[in-house]
Amino acid sequence: MKNNTQLILALAASLICYSTYIVLIDKPFSLQALNLFLFPVILYFVFIRSRNVEQSPLKAVRVEGQILYVYKQVFNINDINKVVIDKTKRHGVFALPYNQVDGKTTEFIFNKDAFESLKSYLLQNIPNVKIIE
């Protein structure tokens, strides 16, 4: 939701800049010129902003007693049977596809150098968990 609000504000700012450009240059409305103002904003949010990489996944994932916290999501560890934790050439991936909240999978991308420490932490703190790689 926060990203949506930021995107709407950024688009609004782009439209204000474009409107100012039209008034100052005294040009008629042009869809091509509007695209010049909107395109960088859209690219930023689609390709850069959506790819947030968690540098310290152990700050995002923690177990306290019988509770697993993933950011602000809360799970009973007795309900966690499978955890996806894998790595690609560039990143690690964490997901709880079998424990969806409101139809959404809790997941994030993290620094691949933390893969082994996160995997060990999960195996030590969640009994009988199966790691899917």
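Analyst: Start with burial. Buried means under 20% relative accessible area, exposed means over 50%, and partly exposed lies in between, with a 1.4 Å probe and protein chains only. Take K119: its relative accessible area is 19%, so K119 is buried. Keep the source in mind: this is a predicted model, where local features need pLDDT of at least 70, side-chain atom pairs count only at pLDDT 80 or more, and totals for chains, interfaces and linings use all residues. Residues are numbered from 1 along each chain as its sequence is written, and side-chain values use heavy atoms, leaving out hydrogens and water.

User: How many salt bridges does a search of the whole structure find?

Analyst: The idea comes before the count. A salt bridge is a side-chain nitrogen of Lys or Arg within 4 Å of a carboxyl oxygen of Asp or Glu. The search finds 2. One joins E133 to K119, with the closest N and O atoms 2.5 Å apart. That pair links distant parts of the chain, 14 residues apart: E133 sits in the segment after β8 (130-132), and K119 in helix α4 (residues 115-125). E133 has 52% relative accessibility, so E133 counts as exposed.

User: Which side chain does E64 meet in a salt bridge?

Analyst: E64 meets R62, at 2.8 Å from N to O. E64 is partly exposed because its relative accessibility is 43%. R62 is partly exposed too, at 31%.

User: How many bridges join β6 to β7?

Analyst: There are 7, and β6 and β7 (residues 104-111) run antiparallel. L96 stands opposite T106 in β7. These strands form a hairpin as well, with 2 residues between them. In its turn, D102 has a positive phi of about 55 degrees.

User: Is N99 buried or exposed?

Analyst: N99 lies in strand β6. Its relative accessible area is 11%, so N99 is buried. Next, look at what surrounds it. Contact means heavy atoms within 4.5 Å. Not counting residues up to four places away in sequence, N99 touches F75, D79, I80 and K82. The backbone oxygen of D79 lies 2.8 Å from a polar atom of the N99 side chain.

User: Which residues have the most contacts inside the largest nonpolar core?

Analyst: First the background. In soluble globular proteins, nonpolar side chains tend to be buried together. A nonpolar core is a set of buried Ala, Val, Leu, Ile, Met, Phe, Trp, Tyr and Cys residues joined through side-chain atoms within 4.5 Å. The largest core here has 21 residues, and V61, L68, F94 and L122 have the most contacts inside it. The elements giving two or more residues are β2 (61-64), β3 (67-70), β5, β6, β7 and α4. The largest share, 3 residues, comes from α4.

User: What is L122 in contact with, leaving aside its neighbours within four places in sequence?

Analyst: L122 is in contact with V61, V83, I85, F94, V129 and I131.

Terms used: Pairing = 2+ DSSP bridges. Helix = DSSP H or I, 4+ residues; strand = E, 2+ residues; numbered from the N terminus. Polar contact = N/O pair within 3.5 Å; in protein donor to acceptor, adjacent residues only side chain to side chain.
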